[in-house]
Amino acid sequence: MWYDYRFCAYPDRTGVAAEAERHIDIHRQAYNHTRYEYNALDTDEDNIGSAYQHQKRLTEWKDEWSVFSEVHSKALQKTVERFYDNLSNLSEKKQNGHKVGWLKWKPPREYQSVTYSQSGFELKNTSGRTATLWLSKIGDIPIRYHRPIPDNATIKEVTLKKETTGEWYVTFGLEVEDTTLPEKPDVDDLDAEDCVGIDLGITNYIYTSDGDSVDWLNLSDEYERLRREQRNLSRKEHRSNNWKKQRREVAKVKRRIKRKVEDFQHKLTTWLVKTYDAVFVEDLNVSGMLQQRGNARNKQDAAWRGFINMLEYKGDLYGTHVVQVNPAGTTKECAECGVETEKPLWVREHSCPTCGFEADRDANASYNVLSRGLRELGLGQAEVTPVETATAVETDGGRSSSVPASRVIETGSLGA
């Protein structure tokens with residue numbers, strides 16, 4: 001299993017910030033040269049066409065341009081690999097029917113990171129709230145060590161990045177052996193009461209089959225400030241010093257929005273995997289949804305793909321089954337009898353004309369997600385709907401609970 005830990009870095013404190021920026025620019029040149037050779041050279045005769053083949057040319061590069069000898073060899077290999085990874089992602093999008101262009105030449109402001117893989121780095125002085133990261137040919141970089149690297153994790157790669165805001169960050173790519181992770185409950189021993197289906201909603205961020213719902217994050221103030229800062233940016237002369245300064249202000253607001261969303265998601269997903277033995281969620285085509293008309297910004301703010309990815313890796317970390325199910329028809333299909341009923345988005349109640357079952361639209365969808373998840377695990381159809389049909393779902397003898405997103409942020413869980 002692979003996941004990342006991210007820390008604030010302070011290369012200015014040891015005077016290596018300028019050297020780090022110089023190394024990043026050399027890697028940018030290497031990336032652009034990889035792109036040039038891929039377009040200009042013959043694939044078979046010149047050892048290009050894959051990252052492994054292209055890396056064989058690095059010796060020739062160093063002989064011809066000594067600047068490439070000034071950076072760590074493994075990091076240089078990773079830069080070549082980065083180009084081919086981007087190329088692979090582009091090809092995958094094209095195969096999925098998206099209109100794609102071509103990988104562009106990277107200017108300095110669009111290439112702001114370097115990755116060390118396997119060697120050339122060392123994490124030191126980890127006993128306190130600060131630690132030191134040593135990077136080969138760059139030097140020591142202090143980091144804010146706000147959480148320790150798990151004992152069962154091995155650092156496989158390190159990425160140093162300078163954000164648009166001017167701040168530096170270090171990301172450790174951690175690998176954990178599956179044998180050291182908690183065991184997930186045996187599928188045959190799972191109880192439907194310890195499983196939950198999640199509908200990724202419109203009026204609520206999520207709605208669970210247990211009747212809990214979590215409201216959307218209120219980011220109206222942040223977006224109002226973003227609009228102001230972007231208006232100010234549009235009034236500056238392009239590329240002037242004032243424009244560059246205002247561009248950093250815009251980046252800071254965007255960073256705040258992103259951090260609030262990620263913090264909310266981390267706390268919500270942790271609560272889910274700690275509470276249930278199995279979590280079932282819709283396998284949404286988020287990129288396709290963003291290309292549809294209407295409310296695209298809210299869909300992007302939801303960051304549902306990031307939410308699902310968090311659920312999956314945290315399921316491995318905490319020993320919880322996380323299963324993605326087919327989302328088609330979850331809101332149309334009656335959770336009681338299975339008959340599909342067409343309903344526009346503005347209709348928020350499910351009322352089955354066949355069996356008379358009534359429920360909140362999102363609640364009905366969450367029951368279907370739970371049923372599909374149980375079938376996916378081979379447990380068959382379970383009784384997941386309330387005994388009595390009602391628009392307000394009864395859970396544990398009380399009414400279903402709606403939790404503000406701010407409470408998730410403040411307490412870190414729904415139950416606190």
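1. A salt bridge is taken here as a side-chain nitrogen of Lys or Arg within 4 Å of a carboxyl oxygen of Asp or Glu. The model is a predicted one, and by this rule the count comes to 23 salt bridges.

2. Because Glu-163 lies in the loop between strand E6 (153-162) and strand E7 (168-176) while Arg-6 lies in strand E1 (residues 2-9), the pair ties together parts that are 157 residues apart in sequence. Glu-163 is partly exposed at 21% relative accessible area, and Arg-6 is likewise partly exposed, at 38%.

3. A salt bridge also joins the side chains of Asp-140 and Lys-124 (3.3 Å, N to O), linking strand E5 (residues 139-144) with strand E3 (residues 121-124) across 16 residues.

4. Within helix H6, Lys-267 and Asp-263 are 4 residues apart, which means a separation of about one helical turn, and their salt bridge has its closest N and O atoms 3.3 Å apart. Gln-265, also placed in helix H6, is buried at 2% relative accessibility, and its side chain makes a polar contact of 2.9 Å with the side chain of Tyr-205.

5. A positive surface patch includes Arg-109, Arg-228, Arg-235 and Lys-244 among its residues. Helix H5 (220-234) and helix H6 (241-275) are the elements that give two or more residues to this patch, and H6 gives the most, with 3 residues. Arg-235 lies in the loop between H5 and H6 and is exposed, with a relative accessible area of 60%.

Terms used. Residues are numbered from 1 along each chain as its sequence is written. This is a predicted model: local features need pLDDT of at least 70, side-chain atom pairs count only at pLDDT 80 or more; totals for chains, interfaces and linings use all residues. Side-chain values use heavy atoms; hydrogens and water are left out. Patches are made of residues with over 30% relative accessible area and no salt bridge: like charges are joined within 9 Å, nonpolar side chains (Val, Leu, Ile, Met, Phe, Trp, Tyr) within 5 Å. Accessible areas come from the Shrake-Rupley method with a 1.4 Å probe; for residues, only the protein chains shown count as cover. Lys and Arg count as positive and Asp and Glu as negative; His and the chain ends are not counted. The place of a charge is taken as NZ of Lys, CZ of Arg, CG of Asp or CD of Glu. Buried means under 20% relative accessible area, exposed over 50%, partly exposed in between (1.4 Å probe, protein chains only). A polar contact is a pair of N or O atoms within 3.5 Å; within protein, one must be able to donate a hydrogen and the other to accept it, and residues adjacent in sequence count only if both atoms are side-chain atoms.
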